[in-house]
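Here is a short report on some backbone and helix details. Look at the sequence and the model first, then read on.

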Amino acid sequence: MIFRSIKSSMGRFAAIFAISALGVGFLAGLSAATPDMALSGSRYFENNRLADVRVLSNVGLDMGDAEELERIDGVKSVMAVKNLDALFVTPENETIGVTVIGLEPEVMLDRPVNRLTLVSGRLPEKSGECLVEHTIEAVAALEIGEKLEYSPQNDGDTDDIFLPRQLTVVGVVENPYYMSMQREQTSVGNGKISQVVYVSEDAFDMDYYTAVYLTVEGAEGEISMSDGYWEVASPVVDRIEKLAETQKYSRHGRVLSEAREKIDDAWATYYDKKAEADEEFAKAEDKIAKAEADIADGKRTLNEKETEARQEIADGERELADAYEELVQGEKDLEKGKQDYKDGKKEYEDGLAKYQDGLKEYEDGRADYEEGLAEYEKGKKEYEDGEKSLSSGRRRLREAESKYDAGYAQYKAGLEQLQAGQEQLDASAAALAQMLGLSGVTSAQMLIDIADSDPAVEAAIGAYLVPIRQGQAELDEGRAALEATGRQLDEAADQISRGWDKIYDGENELKKAKRQLLNAWLTLEDGRRELEEAEAELEDARTELEDAKIELEDAEKDIAQAETDLKDGWREYYDGVKELEDGKKELEEEVSKARADIAKGEADLAEGKKDYEEAKAEAEQKLADAEYEIRDAEAKLEDISEPKWYVLDRDSILVTAGFDSNIQKVASIAKVFPVFFFMIAALVCLTTMTRMVEEERGLIGTMKALGYSSGAISSKYLIYAFSASVTGSLLGLTVGFRVFPEVIWHAYGIMYRLPELYTPFNVGYAAFSSLSTLACIMAATWWVCRESLGESAASLMLPKAPQPGKRVFLEKIDFIWSRLSFNGKVTVRNLFRYKKRFFMTVVGVSGCAALLVAGFGLRDSISDILSNQFETLWGFDLMVGVRPPDEEPIDERLSAIVESLDGYMAVGQESGKVSLKGGATSEVTIYVPEDPNMFAEDYVLFRTRVGHNPVEFGPGRAVLTEKASRTIGASVGDEITLEDADGEQVTVTLAGITENYIQGFIYVAPDLYESIFGRQAEMNMLFCRAGRPDEETREALARDILKCSSAVSCTFTQDTAENFGDTFKSIDMIVIVLIVSAGLLAFVVLYNLTNININERHKEIATLKVLGFYEGEVASYILKETNILSALGGLMGMALGKVLHAFVVRTAEVDMVMFGRVIVTKSYFNAFLMTMLFSLAVSLFMLKRLKKVSMVESLKAPE
Amino acid sequence: MAYIEFDRVVRKYIMGQQEIYAAREVSFEIEKGEFCVIVGPSGAGKTTILNILGGMDSCDGGRVTLDGREISAMNGRELTEYRRFDVGFVFQFYNLVQNLTALENVELAGAISREPLDAADTLKRVGLGDRLNNFPAQLSGGEQQRVSIARAIAKNPKILLCDEPTGALDYNTGKTILGLLQDTCRRTGKTVIVITHNQAITAMADRVIAVKNGQVESMRINKEPLPVERIEW
């Protein structure tokens, strides 16, 4: 039955399963990380026999001391070691601090304490070979075959004790003591140890040991630094300290007397050498004086000779100058003559051109005249032709006129004749008519017409009519002929009159032409006269021009002569000049040669002097060094007058102490994160099971009615939840135990050479986390069951009355409500209807968003550190370590180099510790700048992190960096304890706390330093402003600087920044873990919410589909709610994330670094966006489920 | 051609190896404006007919047409639009959205229609003028069913499909609801199809289609349908 239930509700089962897996995985994984790391560290320490106690002494330790220690009850093994810190020069020409550890030739690796493991290469076989400590990638490693040169900068003591001058790396080893990349401070070089190397003990010429390491019996079985460990170790440490009280005097006496003897010997040698040196100096000085006198003589002679020669040259120069004057005058005259000639010639040419123009004009005039004349002749001829043709026309016309007159007379006569004939005929016809009795007939024609129309008449008079008809016909004919002639005559008359018109026109024209001809002739005559005058003028001009030409030719000849004369004059002058130059050059050469001889003599002398001075200085320096060393030794002897033993347990051993504190950090993070998951697990389970019980309400009622007990019925749901939770827990445990410790462990790979990680199945954490998750889920289930089972069987059988719709306060704001769509209204009411879901989702999603904000914020926090520290806060970018100037002044080369930079300042650097009234201590570097005011102006920006208010630093003030002040809990004005490298403690008042991110510093003004420590600070550093050079320049500069004898180290802050940058990359890993967890969380919660929503509203969805809602409309109806809740959760997550981020940053900070505290807006934005994306992804995923809802569901009875 | 036509409609389900016919060659027709009752015992295929006619299910054979459009040939999107614009559905269990008031429930349907009727007016017409702002949980079964009918009418569809509209109601309330449906049919001229197992209701129908074993057993036309008051069961 359970299986069937599970199968039929996979989604629900999966939700409980997943949230159990997440909750358990997180809790168990993160909790187990700490013990896993502690265990892995301890196993590594144990396997490699890491020392439990380290004993040091200011007078050294000897075999007797070691034997005494071994006798102490509870001490397992003892190992005495010779080691020292010295400066070496790497193949890259860098001077570094190196810890050299001696190994017993017979034992080498398998030492009783701090066992070594050979990683690669081989063991040293002869002197000058060494092993090097294995480092992690981030630290520059030495490789096999590379050589370390013993630095000449080491002090004499070291020179004496350590024999080899070159070490060749032949192998790489691991020492558990150096698992951490942090190294102890040292007194050599810049105070930093960069490498640890191992050589055979023979390399040390010392009769004592520097340290004794020992292990405690029984401690190896305990987790390092745990309570159990201290129970075993502490009594032994106490016993060692007790032994120290007496044993420390044993070596002391012997050491004292030996040292005294050595110092006395040294003094004797020193005085001998000094006397010897003084004698040599006197001799050398004599020689120099003689050479100086010789040179002075030579100089005087040379000067006299030179003066004489120069006088001669001056005379020659004057003569030449006179000649030059004359020549220049001649040249000027010639120029003038030339100019005159040129002017004359120009005038002549102008005249010639004018003459030619005139000639041309004359010829043109002449041609015009000829042309005019020809035209005139032509016109005259035309006129005469016209006259001739006119008179012949007149003649022809007159002939035609007489012809016309004759014709007209004839025509007139014919007309009269015809008229007479007609009258006759008409009279005869009238008579005839009278005869016939026809009255009224007056003409022949009338009679004819009558006859033609009246046959009777015709018949009567036909015969008489014939002649009349004939006569009439003839008359008509004659009339027609006459009329034709008349027409011809009219025409002829017309023609004649037109002819006359033409003649008159012709005559008029001719008259006009005649007038024109006359005018032309007059004009021509004028032209001819003018031409003749012009010809005469031209002739005169020509003669004048020819005269001018002859004059010009004469002038030209004169000029040529003058030029030749001048040229000769110049040649002579230049010969003179050259002669003089030669003389001069000769003189200069001779003089300079003589001078060079003298200079060489002088240079030789200077060199000799310089050699002498250098030799003297060197000798004096050597003597001073020797004296200093002797006095130093004397001082040291004073110092060690009180012997002292240092007994250091694992609390004071860097590797174990640091490792332990880092583990504690993980533990604190592990406490917060799972809280989210637990809250959410409970909520998820509550909502899920509530739904399940509600769905099966009817079934529960039926079972109850059948007589099943409440326990039996609820057992089903408890078993259901139980199986989901248990299977989920198992998955969570398997994954969590493995993944979380692994990820965190690797994040620490930037600080440690990590040994293998053990991730044992931790029964305790497994049980705790699974059982608590289980309990949480079971409690939620039981609570839900109890609520339902409380009702009677009968009421259970009835469907639960649907939760009534409720009005929400938003409805009262009509302004908003009326603008909402139905979808919106339903969504708003639903949001307030199911409170459990509301909280589950908002809490879950806000958890997701908070994780994202924390993750992104963490990145913001570290990304700003480097630029803030190295660009904003620190104005300097180069630190040069120098020998203390009171021991050895800064040499010229180094001063020249630093002078060439933008600025530099001497600063005293010292390592130290600060604390407040015996509270927590913080390691800091003490900086004492030479000129505090200028330091604050140009080198370090003193300000508060919040608000960026300036922090005052100047004479008499001490300013601490923020992280250190927070660690010790100090605030401005507090009196804090400052401890220097030698352990001397003083009290100083804090004048300010300044922003700082990397490492801790206390800046102390030199006057204050002197007043609190009673001595001046050693100015062993030069802070320089090199203008942030590029890498190439940096390397070149560093090489130059390190070549200088007084430079010990050279560090560019840019290089430091780059190293840190690599380190911070590992933080990204944590960010990814956070993002993935956030995604999982969001998915589980939103999936569950949507799943429940869809299940519960199956019928509603089906109804909407039946009503005809489109797919998209249905989806938005359901999913809008999810999205709004996501957004709400997301917004809440922003605030929550800020808190979480602050916490994570505080715990995750590495000691020497302070992370930024600000999350940029973009990160909030990204986190929110990502949350919404997760929500969207779930929505898309759920769309498929929505599509599957069948419409037939709508027909079913309510559940 | 009749307003609604079922022409040899086949619907079968495959249960394992077996084919079960929910409808075998169902044929009938309904004229526009008729009050039609489809009656038959449980499992006779009433619901299958309802699903197919309501555009919620497809058929495996035959043709279904409404007002000249072939429903059996429509794709999913067309079917959604068909339901959206042409069908008004009255459910046996009302299926009101619990989180919306009576008025809003009606408006919800109107919001997606082409020419919806005024929601408040429609509710007044079904006699709920004074319960507009009550949530479903505050209404009796009969009132809820009236809201459901109002919701169907407000969409102004071509047909009203009612699935056992009186099934969850008591006798008197059931009668009132049937009266409302009949009245709607007469007044608005909409085709109303009621699906029921209650033989008594057939007396008030214009047309009665009896189904049995996935087939149409008989179809008859009532010349004189009785008013609802005269029916008893």
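A:Arg1028 is partly exposed, because 15 other C-beta atoms lie within 10 Å of its own, and a residue counts as partly exposed between the cut-offs of 12 or fewer for exposed and 20 or more for buried. The model is predicted. A:Arg1028 sits in the loop of chain A between β20 (1021-1025) and α21 (1031-1043). Its phi is positive, near 45 degrees, and the residue is not a glycine.

B:Asp67 has a value of about 50 degrees, and it is not a glycine. The residue lies in the loop between β4 (61-66) and β5 (69-70) of chain B. B:Asp67 is partly exposed, because 15 other C-beta atoms are found within 10 Å.

The two residues are listed here.

| Residue | Phi | Loop |
|---|---|---|
| B:Asp67 | about 50 degrees | between β4 and β5 of chain B |

Now to a pair of helices in chain A. At what angle do the axes of α2 (residues 10-47) and α12 (residues 763-789) of chain A cross? They cross at roughly 145 degrees and come within 9 Å. The crossing of α2(A) and α12(A) is right-handed.

Which residues make the contact? From α2(A) come A:Ile16, A:Ser20, A:Gly23, A:Val24, A:Leu27, A:Ala28, A:Ser31 and A:Ala32. From α12(A) come A:Tyr765, A:Ala766, A:Ser769, A:Ser770, A:Thr773 and A:Ile777. By class, this contact of α2(A) with α12(A) has eight nonpolar and six polar residues, and no charged ones.

Conventions:
Residues are numbered from 1 along each chain as its sequence is written. Chains are lettered from A and ligands numbered from 1 in the order in which they are written. This is a predicted model: local features need pLDDT of at least 70, side-chain atom pairs count only at pLDDT 80 or more; totals for chains, interfaces and linings use all residues. Helices (H or I, at least four residues) and strands (E, at least two) are DSSP runs, numbered from the N terminus. Axes are lines fitted to C-alpha atoms, for helices over the stretch in contact, and angles run from 0 to 180 degrees between N-to-C directions. A crossing is left-handed if the near helix is turned anticlockwise from the far one by less than a right angle, and right-handed if clockwise. Two residues are in contact if their C-beta atoms, placed from the backbone, lie within 7 Å. Ala, Val, Leu, Ile, Met, Phe, Trp, Tyr, Cys and Pro count as nonpolar, Asp, Glu, Lys and Arg as charged, and the others, Gly among them, as polar.
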